[in-house]
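This briefing turns to the side-chain pairings of one chain, and to the places in the fold where they occur. Please keep the sequence and the model in view while reading.

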Amino acid sequence: MTSSQVKAQQNNMAGSGWPRRNSQNSTTAVAPTSTFENKYSVTSPAINRIINLYPLTNYIFGTKEPLFEKDPSVPARFQRMRDEFERIGMRRSVEGVLLVHEHGLPHVLLLQLGTTFFKLPGGELNPGEDEVEGLKRLLTETLGRLDGVKQDWLVEDIIGNWWRPNFEPPQYPYIPPHITKPKEHKRLFLVQLQEKALFAVPKNYKLVAAPLFELYDNSQGYGPIISSLPQALCRFQFIYM
(Lines give C-alpha, C1' and ligand atoms only; values in the text may rest on other atoms or scores of the structure.)
Protein backbone atom coordinates (compact mmCIF):
# COMPACT_ATOMS: atom_id res chain seq x y z
CA MET A 1 0.00 0.00 0.00
CA THR A 2 1.43 3.36 -1.03
CA SER A 3 1.77 6.33 1.35
CA SER A 4 -1.05 8.14 -0.45
CA GLN A 5 -3.36 5.13 0.03
CA VAL A 6 -2.50 4.96 3.75
CA LYS A 7 -3.27 8.66 4.13
CA ALA A 8 -6.59 8.24 2.32
CA GLN A 9 -7.51 5.30 4.57
CA GLN A 10 -6.71 7.34 7.70
CA ASN A 11 -8.91 10.17 6.46
CA ASN A 12 -11.77 7.75 5.82
CA MET A 13 -11.44 6.29 9.33
CA ALA A 14 -11.42 9.71 11.02
CA GLY A 15 -14.77 10.44 12.57
CA SER A 16 -15.87 6.82 12.65
CA GLY A 17 -17.31 5.25 15.77
CA TRP A 18 -19.49 6.94 18.38
CA PRO A 19 -19.59 9.81 19.06
CA ARG A 20 -18.39 11.03 15.71
CA ARG A 21 -15.55 13.55 15.77
CA ASN A 22 -13.82 15.73 13.24
CA SER A 23 -10.24 14.73 12.50
CA GLN A 24 -7.55 17.42 12.41
CA ASN A 25 -6.17 15.66 9.36
CA SER A 26 -9.50 15.48 7.58
CA THR A 27 -10.52 18.24 5.20
CA THR A 28 -14.21 17.33 5.42
CA ALA A 29 -16.17 17.76 8.65
CA VAL A 30 -18.16 14.72 9.66
CA ALA A 31 -21.62 15.65 10.94
CA PRO A 32 -23.35 13.59 13.63
CA THR A 33 -25.55 10.91 12.17
CA SER A 34 -28.42 11.71 14.53
CA THR A 35 -29.69 14.24 17.02
CA PHE A 36 -29.05 11.68 19.76
CA GLU A 37 -25.34 11.52 18.96
CA ASN A 38 -25.10 15.30 18.88
CA LYS A 39 -26.90 15.79 22.19
CA TYR A 40 -25.32 12.96 24.14
CA SER A 41 -21.71 13.09 23.06
CA VAL A 42 -18.99 12.37 25.61
CA THR A 43 -18.51 16.06 26.41
CA SER A 44 -22.22 16.88 26.56
CA PRO A 45 -23.41 18.73 29.68
CA ALA A 46 -26.45 16.40 29.63
CA ILE A 47 -24.18 13.59 30.84
CA ASN A 48 -21.88 15.66 33.08
CA ARG A 49 -24.55 17.45 35.10
CA ILE A 50 -23.50 19.16 38.31
CA ILE A 51 -25.92 19.23 41.24
CA ASN A 52 -25.33 21.21 44.42
CA LEU A 53 -26.06 19.34 47.64
CA TYR A 54 -26.53 21.24 50.87
CA PRO A 55 -26.16 19.74 54.36
CA LEU A 56 -29.21 18.27 56.04
CA THR A 57 -28.70 20.68 58.94
CA ASN A 58 -29.55 23.58 56.61
CA TYR A 59 -33.21 22.54 56.63
CA ILE A 60 -35.88 22.91 59.28
CA PHE A 61 -38.71 20.39 59.43
CA GLY A 62 -41.99 21.37 61.05
CA THR A 63 -45.29 19.52 61.14
CA LYS A 64 -48.79 20.08 59.80
CA GLU A 65 -52.11 18.29 59.66
CA PRO A 66 -52.08 14.68 58.43
CA LEU A 67 -52.20 14.09 54.69
CA PHE A 68 -54.23 10.97 54.00
CA GLU A 69 -54.29 8.85 50.87
CA LYS A 70 -57.31 9.11 48.59
CA ASP A 71 -58.11 5.43 49.03
CA PRO A 72 -58.63 3.54 52.30
CA SER A 73 -57.09 0.32 51.00
CA VAL A 74 -55.04 -1.12 48.13
CA PRO A 75 -58.09 -2.83 46.50
CA ALA A 76 -59.98 0.49 46.66
CA ARG A 77 -57.06 2.23 45.00
CA PHE A 78 -57.01 -0.13 42.05
CA GLN A 79 -60.78 -0.01 41.73
CA ARG A 80 -60.57 3.77 41.44
CA MET A 81 -57.80 3.35 38.87
CA ARG A 82 -60.06 1.05 36.83
CA ASP A 83 -62.91 3.55 36.96
CA GLU A 84 -60.67 6.45 35.97
CA PHE A 85 -59.03 4.42 33.20
CA GLU A 86 -62.43 3.92 31.59
CA ARG A 87 -63.13 7.67 31.72
CA ILE A 88 -59.80 9.45 31.18
CA GLY A 89 -57.29 6.73 30.26
CA MET A 90 -53.87 6.04 31.72
CA ARG A 91 -53.01 7.58 35.06
CA ARG A 92 -50.05 9.97 35.07
CA SER A 93 -48.06 10.51 38.23
CA VAL A 94 -44.86 12.32 39.19
CA GLU A 95 -42.44 12.10 42.10
CA GLY A 96 -39.59 14.32 43.22
CA VAL A 97 -36.10 13.21 44.25
CA LEU A 98 -34.78 15.67 46.86
CA LEU A 99 -31.11 15.31 47.81
CA VAL A 100 -29.02 16.54 50.72
CA HIS A 101 -25.66 15.49 52.14
CA GLU A 102 -24.71 14.23 55.57
CA HIS A 103 -21.39 12.78 56.81
CA GLY A 104 -19.96 13.41 53.34
CA LEU A 105 -22.54 11.19 51.61
CA PRO A 106 -25.58 11.99 49.42
CA HIS A 107 -28.95 11.25 51.00
CA VAL A 108 -32.47 11.12 49.53
CA LEU A 109 -35.38 12.62 51.45
CA LEU A 110 -38.15 10.01 51.80
CA LEU A 111 -41.56 10.00 53.41
CA GLN A 112 -41.96 7.13 55.85
CA LEU A 113 -45.38 5.82 56.84
CA GLY A 114 -45.30 3.35 59.72
CA THR A 115 -42.13 1.31 60.04
CA THR A 116 -41.72 -0.32 56.64
CA PHE A 117 -43.33 1.86 53.94
CA PHE A 118 -41.29 4.54 52.16
CA LYS A 119 -42.26 6.81 49.28
CA LEU A 120 -41.01 9.78 47.33
CA PRO A 121 -43.02 13.00 47.59
CA GLY A 122 -45.42 13.41 44.69
CA GLY A 123 -48.62 11.85 43.43
CA GLU A 124 -51.19 11.83 40.67
CA LEU A 125 -51.54 14.55 38.04
CA ASN A 126 -54.86 16.09 37.16
CA PRO A 127 -56.16 15.47 33.61
CA GLY A 128 -54.20 17.65 31.20
CA GLU A 129 -51.92 19.03 33.94
CA ASP A 130 -48.32 19.85 33.05
CA GLU A 131 -45.86 17.45 34.69
CA VAL A 132 -43.51 20.06 36.14
CA GLU A 133 -46.27 22.35 37.38
CA GLY A 134 -48.11 19.33 38.76
CA LEU A 135 -45.03 18.18 40.65
CA LYS A 136 -44.58 21.66 42.14
CA ARG A 137 -48.21 21.59 43.28
CA LEU A 138 -47.82 18.15 44.85
CA LEU A 139 -44.56 19.08 46.60
CA THR A 140 -46.24 22.15 48.05
CA GLU A 141 -49.21 20.09 49.23
CA THR A 142 -46.90 17.55 50.86
CA LEU A 143 -44.00 19.61 52.20
CA GLY A 144 -45.04 23.24 51.69
CA ARG A 145 -44.85 25.79 54.47
CA LEU A 146 -47.87 26.94 56.47
CA ASP A 147 -46.85 30.59 56.95
CA GLY A 148 -47.88 31.65 53.46
CA VAL A 149 -44.33 31.93 52.12
CA LYS A 150 -44.22 30.42 48.64
CA GLN A 151 -41.85 27.50 48.27
CA ASP A 152 -39.56 27.73 45.25
CA TRP A 153 -39.18 24.27 43.72
CA LEU A 154 -36.51 23.99 41.03
CA VAL A 155 -37.41 20.89 39.01
CA GLU A 156 -34.43 19.59 37.05
CA ASP A 157 -33.91 16.44 34.94
CA ILE A 158 -36.16 13.47 34.41
CA ILE A 159 -34.27 10.58 35.99
CA GLY A 160 -36.73 7.72 35.61
CA ASN A 161 -39.81 6.40 33.82
CA TRP A 162 -41.90 3.60 35.30
CA TRP A 163 -45.02 1.91 33.97
CA ARG A 164 -47.77 -0.11 35.62
CA PRO A 165 -48.98 -2.63 33.00
CA ASN A 166 -52.03 -3.85 34.93
CA PHE A 167 -54.28 -2.88 37.82
CA GLU A 168 -51.80 -4.45 40.20
CA PRO A 169 -48.88 -3.24 42.38
CA PRO A 170 -45.92 -4.20 40.13
CA GLN A 171 -44.30 -1.37 38.15
CA TYR A 172 -41.45 -1.67 35.65
CA PRO A 173 -38.90 0.70 34.04
CA TYR A 174 -40.21 -0.41 30.63
CA ILE A 175 -43.47 -1.36 28.96
CA PRO A 176 -43.73 -5.16 28.59
CA PRO A 177 -44.02 -6.11 24.91
CA HIS A 178 -47.46 -7.69 25.31
CA ILE A 179 -48.92 -4.54 26.94
CA THR A 180 -50.54 -2.05 24.56
CA LYS A 181 -52.31 0.10 27.14
CA PRO A 182 -50.36 0.57 30.38
CA LYS A 183 -52.48 1.68 33.31
CA GLU A 184 -50.06 4.19 34.82
CA HIS A 185 -46.99 6.15 33.79
CA LYS A 186 -44.80 7.54 36.58
CA ARG A 187 -41.95 9.98 36.04
CA LEU A 188 -39.22 10.78 38.55
CA PHE A 189 -37.74 14.28 38.56
CA LEU A 190 -34.60 15.51 40.27
CA VAL A 191 -35.42 18.59 42.37
CA GLN A 192 -32.65 21.05 43.22
CA LEU A 193 -33.18 22.27 46.77
CA GLN A 194 -32.45 25.79 47.88
CA GLU A 195 -29.51 26.43 50.17
CA LYS A 196 -31.84 26.72 53.16
CA ALA A 197 -35.55 25.96 53.51
CA LEU A 198 -38.35 25.20 55.92
CA PHE A 199 -40.56 22.18 55.27
CA ALA A 200 -43.82 21.22 56.94
CA VAL A 201 -44.27 17.44 57.11
CA PRO A 202 -47.73 15.86 57.59
CA LYS A 203 -48.09 14.41 61.09
CA ASN A 204 -48.83 10.92 59.81
CA TYR A 205 -45.51 10.84 57.92
CA LYS A 206 -41.91 10.99 59.00
CA LEU A 207 -39.34 12.62 56.72
CA VAL A 208 -36.13 10.59 56.69
CA ALA A 209 -32.82 11.05 54.90
CA ALA A 210 -31.69 7.72 53.43
CA PRO A 211 -28.08 7.38 52.18
CA LEU A 212 -27.74 6.23 48.59
CA PHE A 213 -25.56 3.26 49.53
CA GLU A 214 -28.37 1.94 51.74
CA LEU A 215 -30.86 2.11 48.85
CA TYR A 216 -28.66 0.28 46.35
CA ASP A 217 -29.93 -3.21 45.54
CA ASN A 218 -32.34 -3.01 48.49
CA SER A 219 -35.74 -3.48 46.87
CA GLN A 220 -36.90 -5.55 49.84
CA GLY A 221 -36.55 -2.55 52.12
CA TYR A 222 -37.49 0.30 49.79
CA GLY A 223 -39.20 -1.17 46.73
CA PRO A 224 -37.88 -1.32 43.15
CA ILE A 225 -38.28 2.38 42.33
CA ILE A 226 -36.47 3.87 45.31
CA SER A 227 -33.77 1.18 45.26
CA SER A 228 -33.02 2.09 41.61
CA LEU A 229 -32.10 5.69 42.49
CA PRO A 230 -28.34 5.09 42.94
CA GLN A 231 -28.11 3.89 39.31
CA ALA A 232 -30.33 6.72 38.08
CA LEU A 233 -28.22 9.35 39.88
CA CYS A 234 -24.76 8.01 39.04
CA ARG A 235 -24.45 10.24 35.96
CA PHE A 236 -24.57 13.40 38.10
CA GLN A 237 -21.63 15.07 39.76
CA PHE A 238 -22.54 16.14 43.29
CA ILE A 239 -20.91 19.23 44.79
CA TYR A 240 -21.10 19.28 48.58
CA MET A 241 -21.74 22.88 49.56
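R145 is partly exposed, with a relative accessible area of 29%, where partly exposed denotes the range between buried (under 20% relative accessible area) and exposed (over 50%), computed with a 1.4 Å probe and protein chains only. Its side chain meets that of D147 in a salt bridge with an N to O distance of 2.5 Å, and D147 is likewise partly exposed, at 45% relative accessibility. A salt bridge is here a side-chain nitrogen of Lys or Arg within 4 Å of a carboxyl oxygen of Asp or Glu.

The model is a predicted one, in which local features need pLDDT of at least 70 and side-chain atom pairs count only at pLDDT 80 or more, while totals for chains, interfaces and linings use all residues. Residues are numbered from 1 along each chain as its sequence is written, and side-chain values use heavy atoms, with hydrogens and water left out.

**Overall fold and surface**

- The chain contains seven helices and eleven strands, these being DSSP runs numbered from the N terminus, with helices (H or I) of at least four residues and strands (E) of at least two.
- Of the 241 residues in the chain, 42% count as buried.
- Among the contacts in the chain with a separation of 6 or more, 69% are accounted for by residues 24 or more positions apart, a contact being heavy atoms within 4.5 Å.
- The accessible surface of the chain comes to about 14,300 Å², and 54% of that area belongs to carbon and sulfur atoms, the areas being derived by the Shrake-Rupley method with a 1.4 Å probe, for which only the protein chains shown count as cover for residues.

**Salt bridges**

- The structure holds 16 salt bridges, and those that share partners join K70, D71, R80, E84, R91 and E124 into one network.
- E95 forms a salt bridge with K186, the closest N and O atoms being 3.3 Å apart; this pair links distant parts of the chain, since E95 belongs to strand β3 (residues 91-102) and K186 to strand β8 (residues 184-192), 91 residues apart.
- R187 forms a salt bridge with E131, with the closest N and O atoms 2.9 Å apart; because R187 lies in strand β8 and E131 in helix α4 (residues 131-143), the pair ties together parts that are 56 residues apart in sequence.
- R187 is partly exposed, its relative accessible area being 23%.

**Aromatic pairs and a charge over rings**

- Six aromatic pairs are found in the whole structure, where rings of Phe, Tyr and Trp (its six-membered ring) pair if their centres lie within 6.5 Å, planes under 30 degrees apart counting as stacked, over 60 as edge-to-face and the rest as tilted.
- The rings of F85 and F167 have centres 5.8 Å apart and planes at 80°, so the pair is edge-to-face.
- F85 lies in helix α3 (residues 74-88) and F167 in the loop between β7 (154-164) and β8, so that the pair ties together parts 82 residues apart in sequence; F85 and F167 are buried.
- The rings of W153 and F199 have their planes at 20° and their centres 6.0 Å apart, so this pair is stacked.
- W153, in the loop between α4 and β7, and F199, in strand β9 (residues 197-202), link distant parts of the chain, 46 residues apart, and both residues are buried.
- Ring pairs link W153 and F199 with Y59 and F61 into a cluster.
- The charged end of K183 sits over the ring of F85, 5.3 Å from its centre, and K183 also lies over the face of F167, at 5.4 Å from the ring centre; the criterion is NZ of Lys or CZ of Arg within 6 Å of the ring centre and within 35 degrees of the ring normal.

**Two buried loop residues**

- E129 is found in the loop between β6 (122-124) and α4, and at 16% relative accessibility E129 counts as buried.
- A polar atom of the E129 side chain lies 2.9 Å from the backbone nitrogen of N126.
- Leaving aside neighbours within four places in sequence, E129 is in contact with R92, G134 and R137.
- Q171 is placed in the loop between β7 and β8 and is buried, with a relative accessible area of 16%.
- Leaving aside neighbours within four places in sequence, Q171 is in contact with W162, W163, R164, E184, K186 and I225.

Methods. A polar contact is a pair of N or O atoms within 3.5 Å; within protein, one must be able to donate a hydrogen and the other to accept it, and residues adjacent in sequence count only if both atoms are side-chain atoms.
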